[in-house]
Amino acid sequence: MHQGKDRVICAYELNEGLIVDPGPTSCLEALLEGLGDTEPRALMLTHIHLDHAGAAGTLTARYPHLQVFVHQVGAPHLVDPSKLLTSASRLYGDAMDTLWGAVEPVPEDRIHVLKGGESVEGLLVAATPGHAYHHVAYLSEDGDAFVGDVAGVRVPPHEYTLAPTPPPEIDVEAWLDSLHTVTAWDPAALCLTHFGRVTDVEDQLHRARISLLDNADLARQEGEEAFIRDVEAASAAAVDEVAAERLRQAAPTDQLYMGLERYWRKRAERESAA
Ligand SMILES: [Zn+2]
């Protein structure tokens, strides 16, 4: 439940108190209710964006034995969230607190850094950059792939999928490679943060790839206003209004544009410098 809405942000509980992406502090009540009597043992973070990991500090303060796994590039921003908060404030402004709640630092001695390629807590880890440089995905022995934002945003029961492309780290080529990485795992299911576990794995990875490529083209060819109009028209044609609202909450359309516009601009700057 995020801002009173279901099907926006998903946290997963595995065996023995392992949580993949606890979500933001603003959703803590729903998380604790879901946990019941289980004391969480470890947080397996796909990345540090606030909708995925905002509650990490609050939870480590609450549970003194709780460990946190995160990509090495994300780790310093959990210990000192000031840069992360500045970056997020640019996008969310005054709505920061309502949307995400408190963002507390995580003590450094609770953090275990990942690079991708290792195996931790019975999960295989892969580096899956593209949405964020420090994004990782986890594969369980049962074949569940916890893919964070890599395989897109989809509000059940609909199949329609959006690639979440907020600034500032979108890298389309890296993301396409990451989709290959997940494909190569040949998982039985994809566990999306936005939203839920889906078993049409190949189709879902395909939808995410197409959305990424289509929206990247659109952002290159059109201005913000036309981009927003076209993307929201496509969503409205594919899903009901209740689901469309949830898509916009998980992946605000103006942010989709901003992230892709920045990607193209930075790429052009690099090419002209070379
Ligand atoms: Zn994210």
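Helices are taken as DSSP runs of H or I with at least four residues, numbered from the N terminus. In the predicted model, glutamine 204 lies in one such run, helix α8, which covers residues 201-221. With a relative accessibility of 0%, glutamine 204 counts as buried, the limit for that class being under 20%. The side chain of glutamine 204 forms a polar contact of 2.8 Å with the side chain of arginine 207. When neighbours within four places in sequence are set aside, the residues in contact with glutamine 204 are Ala151, Arg154, Glu159, Thr161, Leu190, Leu192 and Val198.

The secondary structure of the protein consists of eleven helices and eleven strands. The protein is as compact as a globular protein of its length, because its radius of gyration of 18 Å is close to the 19 Å given by the globule rule for 274 residues. Along the principal axes, the C-alpha atoms occupy a box of roughly 50 × 40 × 35 Å. Buried residues make up 54% of the 274 residues. Among contacts with a separation of 6 or more, 71% join residues 24 or more positions apart.

The zinc ion has as its protein donors His47 through NE2, His49 through ND1, His131 through NE2 and Asp149 through OD, at 2.1 to 2.5 Å. Along the chain these donors follow the spacing H-x1-H-x81-H-x17-D. For four tetrahedral donors the ideal angle at a metal is 109.5 degrees. The angles subtended by the four donor atoms around the zinc ion run from 75 to 169°, and the arrangement is therefore irregular; a tetrahedral assignment would require all angles to lie between 85 and 135 degrees.

Tyrosine 92 belongs to helix α5, which spans residues 82-92. A relative accessible area of 22% makes tyrosine 92 partly exposed. Apart from neighbours within four places in sequence, tyrosine 92 is in contact with Leu99, Trp100 and Gln255. Tyrosine 92 and glutamine 255 are 163 residues apart along the chain, and their C-alpha atoms are separated by 10.0 Å.

Definitions and conventions
Residues numbered from 1 in each chain as written. Predicted model: local features only at pLDDT ≥ 70, side-chain atom pairs only at ≥ 80, totals over all residues. Heavy atoms only, no water. Donors = N, O, S within 2.8 Å, 3.2 Å for Na, K, Ca; no water. Tetrahedral: all angles 85-135°; square planar, octahedral: opposite > 155°, others 65-115°. Helix = DSSP H or I, 4+ residues; strand = E, 2+ residues; numbered from the N terminus. Rg over C-alpha atoms; globule rule 2.2 N^0.38 Å. Buried < 20%, exposed > 50% of the residue type's maximum accessible area, 1.4 Å probe, protein only. Contact = heavy atoms within 4.5 Å. Polar contact = N/O pair within 3.5 Å; in protein donor to acceptor, adjacent residues only side chain to side chain.
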